[in-house]
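Hello,

Here is the structure I promised to pass on. My notes on the helices and the packing follow below it.

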Amino acid sequence: MDLHTLASNVAQHMAEAAGMEKDKMDTLRFGLEIILGALIKGLVLFLLAYLLGIVPHVAAGLATAGLFRLLSGGAHCTSYGRCLTFGVLIYLFLGKLALQMESFFSQSILSVLVCCVTFVAFLCTVKWAPGEVPYRTMDKPREKTKFKILSLMYLLVWLALILHLIGEVDNSVLVAATLALILQTISFIPWGYRLITRADGFMIQLTKRRG
């Protein structure tokens, strides 16, 4: 039984027990799939991060991008397996890259970088957030505005926290968090959707060739 089937079965039982309307089952199923998928992804990701010695970097990146993603939305692959593969590879690469880049950033340069990245993310959020997410439609302007404001507030809190931690935490960990913010910002802009679509298509073709 794959994750989609498991989430569907659990959602059906929960919906029947709660007397939920059938048109809301897809939303419930998607939510359960996200939760179960996140648990599996977390186990796989942190096991590999531990083996590579980048647990703090992956944790900082995942916390930054994960929380921002809940508010700002963004592109997804078309299957859980491809999302898992793509996400794990991205976060491991991000962690290793941050570790290698540490020597290039003094505290002052890192402060400037963090401010610049947050400023660009702020502008992108104003223009494009929240991005479309499967089974979470936002047809009402009021709802979109709410998530846009929450996303902007998150960026301000994140900026204040990172600036406070500079000099207190290893620079490479903060670089990882900054890179994660860049990646999540890319995920909800038009270019990011096209990029994820191409990556998803590439993995589909790769799977077919192996099959």
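Leucine 110 is in contact (heavy atoms within 4.5 Å) with Phe105, Ile166, Asn171, Leu174 and Val175, leaving aside neighbours within four places in sequence. This is a predicted model: local features need pLDDT of at least 70, side-chain atom pairs count only at pLDDT 80 or more, and totals for chains, interfaces and linings use all residues. Residues are numbered from 1 along each chain as its sequence is written, and side-chain values use heavy atoms, with hydrogens and water left out.

Leu110 also belongs to the largest nonpolar core, which has 38 residues. Such a core is a set of buried Ala, Val, Leu, Ile, Met, Phe, Trp, Tyr and Cys residues joined through side-chain atoms within 4.5 Å. Buried means under 20% relative accessible area, with a 1.4 Å probe and protein chains only. Leu92, Leu110, Trp158 and Leu181 have the most contacts inside this core. At least two core residues come from each of α2 (25-52), α3, α4 (80-101), α5, α6 and α7. The largest share, eight residues, is from α7. Helices here are DSSP runs (H or I, at least four residues), numbered from the N terminus.

α7 has 17 residues and reaches 25 Å from first C-alpha to last, close to the 24 Å expected. The expected span is 1.5 Å times one less than the number of residues. Of the 17 residues of α7, 14 are buried, so the helix is largely enclosed by the rest of the structure.

Next, α6 (residues 141-165). Its 25 residues reach 36 Å, close to the 36 Å expected. Its buried residues are Phe147, Ser151, Leu152, Tyr154, Leu155, Trp158, Leu159 and Ile162. Their cover includes α3 (55-72), α5 (107-128) and α7 (171-187).

How do α5 and α6 pack? Their axes, lines fitted to C-alpha atoms over the stretch in contact, come within 10 Å and cross at roughly 175°. That makes the two helices roughly antiparallel (over 145 degrees between N-to-C directions, on a scale from 0 to 180). Among the contact residues are Val114, Thr118 and Phe122 of α5, and Leu155, Leu159 and Ile162 of α6.

Two backbone details remain. The peptide bond from alanine 129 to proline 130 is cis, with omega near 0°. Proline 130 sits in the loop between α5 and α6.

Best wishes

Notes:
Buried < 20%, exposed > 50% of the residue type's maximum accessible area, 1.4 Å probe, protein only. Parallel < 35°, antiparallel > 145°, perpendicular 65-115°, else oblique.
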